[in-house]
Amino acid sequence: MKKVVALFGTCMLLGVVAVKAQKAGVMVKAGLNLANVTVDKDGAVDDARGIASFHAGLQADLPITRFFAIQPGLFFTGKGTKVEWNSITSSTKPYYLELPVNAVIKLPLGEDANFFFGAGPYVAMGVGGKNKISGSFAGIDFKRTENIKFSDDDPFTEGEQGAGYGIMRRFDYGLNGTVGLEGKRALFSVNYGLGLAKLQSGTSSSEDELGKHRVLSFSVGIKL
């Protein structure tokens, strides 16, 4: 775990150094997540399973040319899903430290404004979250909350330690897509995260494609 935290810290330090070296930009971003989880091997999602969460963090803008930039970031972000049947509601809301790196194309709309779009990969590490279930059974109301349990898998070692049923994989990875508008001091973007990692720990079956994150995000950013 210490190695992973050190890796995230090193990535952000290198990003800050690169920003200063290129006189590029850094912004604070935050916004709304509409999260969900796939429910079958074809990657389908039941619309009734969505859950609202949030994200917040820093993003760098490293210009390569006038029309092209690399944008690494580090965000605290919420994902998860909610299921409702009869009078019972169950939800899982994990939180991650997420490191996206997007390649972005910028199309000028004026002297200080751009329309932009891009894509890239992300990696994320689970750091907390809650599982909740509530409802009524036989006329008796009940409610239970418990901390999400993550496996202790380490990308620097073989195997997945601490795996088991009901235990979530600590590491998530996938692809990002982003589109938005930026001005001299602020931006607005819409992002979509397509998770590629199975959430259930301890499984490597190619036929078990259940449980992958899907997150639609709306962000507002302020340039520092």
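Is Phe 150 buried or exposed? Phe 150 counts as buried, at 10% relative accessibility (buried is under 20% relative accessible area, exposed over 50%, partly exposed in between, with a 1.4 Å probe and protein chains only). This is a predicted model, where local features need pLDDT of at least 70, side-chain atom pairs count only at pLDDT 80 or more, and totals for chains, interfaces and linings use all residues. Residues are numbered from 1 along each chain as its sequence is written, and side-chain values use heavy atoms, leaving out hydrogens and water.

**View A. Phe 54 meets Phe 76 as one of five aromatic pairs.** Rings of Phe, Tyr and Trp (its six-membered ring) pair if their centres lie within 6.5 Å; planes under 30 degrees apart are stacked, over 60 edge-to-face, the rest tilted. Here the centres are 5.9 Å apart and the planes sit at 40°, so call this pair tilted. Phe 54 comes from strand β2 (residues 51-65) and Phe 76 from strand β3 (residues 68-78), so the pair links parts 22 residues apart in sequence (strands are DSSP runs of E, at least two residues, numbered from the N terminus). Phe 54 is partly exposed at 36%, and Phe 76 is partly exposed at 33%. Together with Tyr 95, they form one aromatic cluster.

**View B. Tyr 96 and Phe 150 pair up edge-to-face.** It's 6.3 Å centre to centre, with 75° between the planes. Tyr 96 belongs to strand β5 (residues 88-108), while Phe 150 is in the loop between β7 (140-147) and β8 (171-182), so parts 54 residues apart in sequence get tied together. Tyr 96 is buried, at 0% relative accessibility.

**View C. Lys 79 puts its charged end over the ring of Tyr 96.** That end is 5.0 Å from the ring centre (the rule: NZ of Lys or CZ of Arg within 6 Å of the centre and within 35 degrees of the ring normal).

How values were computed: Helices (H or I, at least four residues) and strands (E, at least two) are DSSP runs, numbered from the N terminus.
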